[in-house]
Amino acid sequence: MKKDRRDFLNTCFRFVAGAGIVGVAGVLAVKSQKGDFLWQLDPAKCTQCGRCATSCVVTPSAVKCIHVYDMCGYCDLCGGYFRPNVKNLSTGAENQLCPTGAIKRSYVEDPFFKYEIIDELCIGCGKCVKGCGAFGNGSLQLQVSHDLCVNCNQCAIARDCPSDAFSRVPIEQAYKFAGFKTNKKI
Amino acid sequence: MKKSLAFISLLIFFVGMEFAAFSQQQRFPKPEFESGYAQPVTSMPVPRDGMFALLDVLVLIAVLSLITWFILKKRSRTGVVAVSIFSILYFGFFREGCVCSVGSVQNVVLALFNPGYHIPLSALAFFVIPLAYTLFFGRTFCAGVCPLGAVQDVFLMRPVTLKKWLQKALGLIPFIYLGLSVLYAATATDFIICRYDPFVGIFRFNATFFMFAIGAAFLLISIFIARPYCRFFCPYGVLLNLVSRVSKNHLTITPSNCIQCKLCENSCPLDAINKPVVVKQMEDKRSATRRFILLSLIIPALMIVGGWTGANFHENLAKVNSKVRLADEMLHFDSKTMKESLEIEGFRTSGKPVEQLYLEAAEIVKQFYYGGWILGAFIGLVIGLALSGLSRYQYREDYSPDKGACVSCARCLKYCPVEK
């Protein structure tokens with residue numbers, strides 16, 4: 001008789017637990033959206049602090065500098081390529097801002113130069129992005145490269161980002177590019 | 001005269017507008033190339049795992065069904081080991097430990113508390129499906145589908161039995177961990193389970209030294225102590241434990257009737273086999289009543305004390321939140337003696353007013369105050385129920401698995417001499 005009572009209680013609790021699971025699943029399934037979300041950073045908020053290079057769980061970081069060619073001014077003196085106060089505008093390593101030499105500078109036509117990012121070398125430190133934003137059009141922008149990003153449940157960079165630039169974005173809008181830099185003084 | 005003045009001022013206004021619009025454009029407009037230069041395309045690599053989300057759920061269902069069949073129908077430990085190795089390889093090394101059921105608790109909580117967050121269907125499926133299976137078949141998910149459990153299980157070589165009191169005391173940690181992770185997920189602060197996941201760094205061959213050391217320590221310990229993370233830390237294990245207690249078809253040690261041969265007695269590395277009670281001795285009515293009254297006084301008292309303690313620590317708990325930390329930093333910032341931190345610099349460039357930040361931070365701290373009460377009361381309740389569980393007398397004739405603690409690893413099965 002005693003065993004029956006225990007069984008009965010178990011059955012009751014089983015139904016309660018089942019109802020709870022179904023309830024949570026139902027409520028959230030309605031709210032849930034098809035397709036996964038990805039992490040992306042908003043270049044408009046980014047302050048190029050350099051933590052993208054160090055905080056990512058992937059080494060080197062899944063954040064890369066992406067060149068938005070449509071915005072590039074093809075400057076001879078590129079603020080994203082050269083260190084400030086360079087002696088001569090050559091591709092010498094001592095002149096380059098990039099710590100890994102990940103920007104390839106090549107001549108297009110007088111007086112324009114093309115700048116390409118070599119993804120394998122880029123560590124996402126954002127030094128060139130800062131330079132380009134300060135002196136140029138801001139065509140160099142940091143973005144999460146989704147072929148490298150493992151899409152952690154909680155992005156480690158988002159946690160460390162000082163300017164709250166990271167957010168989850170729907171898969172259809174996987175990249176966020178900022179518009180042209182204005183002459184407005186920051 | 002007046003009219004012309006108005007006209008001129010309007011003209012100046014328009015020119016000004018025009019200039020403003022111009023200044024919105026590039027500093028260095030893109031040149032018109034004459035040499036026929038073709039501009040490269042801006043690279044936007046496609047996400048690598050769009051379709052994996054669905055595949056993961058299908059694999060999860062398939063593997064869960066398979067291991068349940070191995071445990072309950074085939075009663076085969078070999079099958080469990082095979083599935084464990086597959087899970088370690090697939091969910092662990094191939095999928096790099098994300099998304100996992102243990103972490104999905106936080107996605108669910110965040111989605112319940114934040115209307116703006118849409119939980120991915122895969123995360124929801126990873127939360128619900130193992131719970132549903134557990135409700136019917138016990139913790140077969142823990143047995144070998146969860147890569148975190150499986151990787152510890154394959155390391156177990158020389159199981160040592162821990163003292164009962166130590167097991168009970170350490171067994172409270174998962175509840176505290178669950179409470180904390182729910183609090184931090186509900187306030188959209190952080191996903192602490194993911195942050196302090198000891199094995200994900202090993203699965204990715206990539207971790208900070210600290211996390212790698214913790215992962216390695218867990219694996220070393222699990223050579224001797226079965227599944228230290230599952231038993232003494234895993235927050236999802238708490239939910240599975242509770243659901244498993246009322247599961248319908250839980251694994252039984254014997255396929256038929258227990259003959260009390262004691263062969264299985266020491267076979268369980270998790271110490272999850274309940275032994276038969278030698279003498280059927282009922283507690284007398286008076287002492288039972290007294291115990292009941294005492295417990296019904298102690299449990300609310302523990303809850304109140306716990307809640308009060310939690311509420312007193314709410315500011316420390318809130319410090320984890322980046323917004324609260326920033327507001328705190330701004331409040332104590334002295335531009336003469338201190339250097340601007342990156343956070344303050346980032347906040348200044350965003351151009352948001354400080355007052356707004358303070359208001360938002362105060363709101364979050366308030367959430368933590370209530371959260372502290374709830375968390376503390378929850379921990380008090382758990383301790384109280386653990387006490388009442390320890391003082392409860394239960395008569396048992398046969399060797400049977402403790403349905404809550406048993407992870408259905410199927411080690412005990414081959415010790416049973418009874419044939420079907």
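Buried means under 20% relative accessible area, exposed means over 50%, and partly exposed is in between, with a 1.4 Å probe and protein chains only. By that rule Ile221(B) is partly exposed, because its relative accessibility is 39%. Ile221(B) lies in helix α12 of chain B; helices here are DSSP runs of H or I with at least four residues, strands are runs of E with at least two, and both are numbered from the N terminus. Leu156(B) is 65 residues away from Ile221(B) along the chain, and their C-alpha atoms are separated by 8.7 Å.

Before going on, the ground rules. This is a predicted model, in which local features need pLDDT of at least 70 and side-chain atom pairs count only at pLDDT 80 or more, while totals for chains, interfaces and linings use all residues. Residues are numbered from 1 along each chain as its sequence is written, chains are lettered from A and ligands numbered from 1 in the order in which they are written, and side-chain values use heavy atoms, with hydrogens and water left out.

Let me stay with chain B. It is divided into domain 1, residues 54-279 + 399-415, and domain 2, residues 285-391; the bounds come from an automatic or database domain assignment. The C-alpha centres of these two domains of chain B lie 28 Å apart. Where they touch, ten residues of domain 1 are in contact with 13 residues of domain 2 in chain B, contact meaning heavy atoms within 4.5 Å.

Next, the surface of chain B. Which residues form the nonpolar patch there? They are Ile85(B), Leu89(B), Phe93(B), Val154(B), Phe155(B) and Phe205(B), and together they have about 560 Å² of accessible area. Areas come from the Shrake-Rupley method with a 1.4 Å probe, and for residues only the protein chains shown count as cover. A patch is made of residues with over 30% relative accessible area and no salt bridge, where nonpolar side chains (Val, Leu, Ile, Met, Phe, Trp, Tyr) are joined within 5 Å and like charges within 9 Å. Helices α3 (77-94) and α7 (147-155) of chain B each supply at least two residues of the patch, and α3(B) gives the most, with three. Phe205(B) sits in the loop between α11 (200-203) and α12 (209-224) of chain B. Phe205(B) counts as exposed because its relative accessibility is 71%.

Now the strands of chain A. Is strand β1 (residues 37-41) of chain A mostly covered or mostly open? It is mostly covered, with five of its five residues buried. On one side of β1(A) the buried residues are Phe37(A), Trp39(A) and Leu41(A), and on the other they are Leu38(A) and Gln40(A). Strand β1(A) runs antiparallel to strand β6 (residues 166-170) of chain A, joined to it by five bridges; two strands pair if DSSP finds at least two bridges between them. Gln40(A) has Ser167(A) as its bridge partner in β6(A).

Thr100(A) is in the loop between β2 (63-67) and β3 of chain A. With neighbours within four places in sequence left aside, Thr100(A) is in contact with Leu121(A), Cys122(A) and Ile123(A).

Last, salt bridges. A salt bridge is a side-chain nitrogen of Lys or Arg within 4 Å of a carboxyl oxygen of Asp or Glu, and the structure holds 14 of them over all chains. One of them is between Glu343(B) and Arg51(A), with the closest N and O atoms 2.7 Å apart. Why does this pair join two chains? Because Glu343(B) lies in helix α18 (residues 342-350) of chain B, and Arg51(A) lies in the loop between β1 and α2 (52-55) of chain A.

Within chain A, Arg105(A) and Asp76(A) meet in a salt bridge, 2.7 Å from N to O. This pair links distant parts of the chain, 29 residues apart, with Arg105(A) in strand β3 and Asp76(A) in the loop between β2 and β3 of chain A. Arg105(A) is buried at 11% relative accessibility, and Asp76(A) is partly exposed at 30%.

Within chain B, Asp190(B) bridges to Arg195(B), their closest N and O atoms being 2.8 Å apart. Asp190(B) is buried at 2% relative accessibility, whereas Arg195(B) is partly exposed at 31%. Also in chain B, a network of salt bridges links Arg77(B), Asp153(B), Arg227(B) and Arg411(B).
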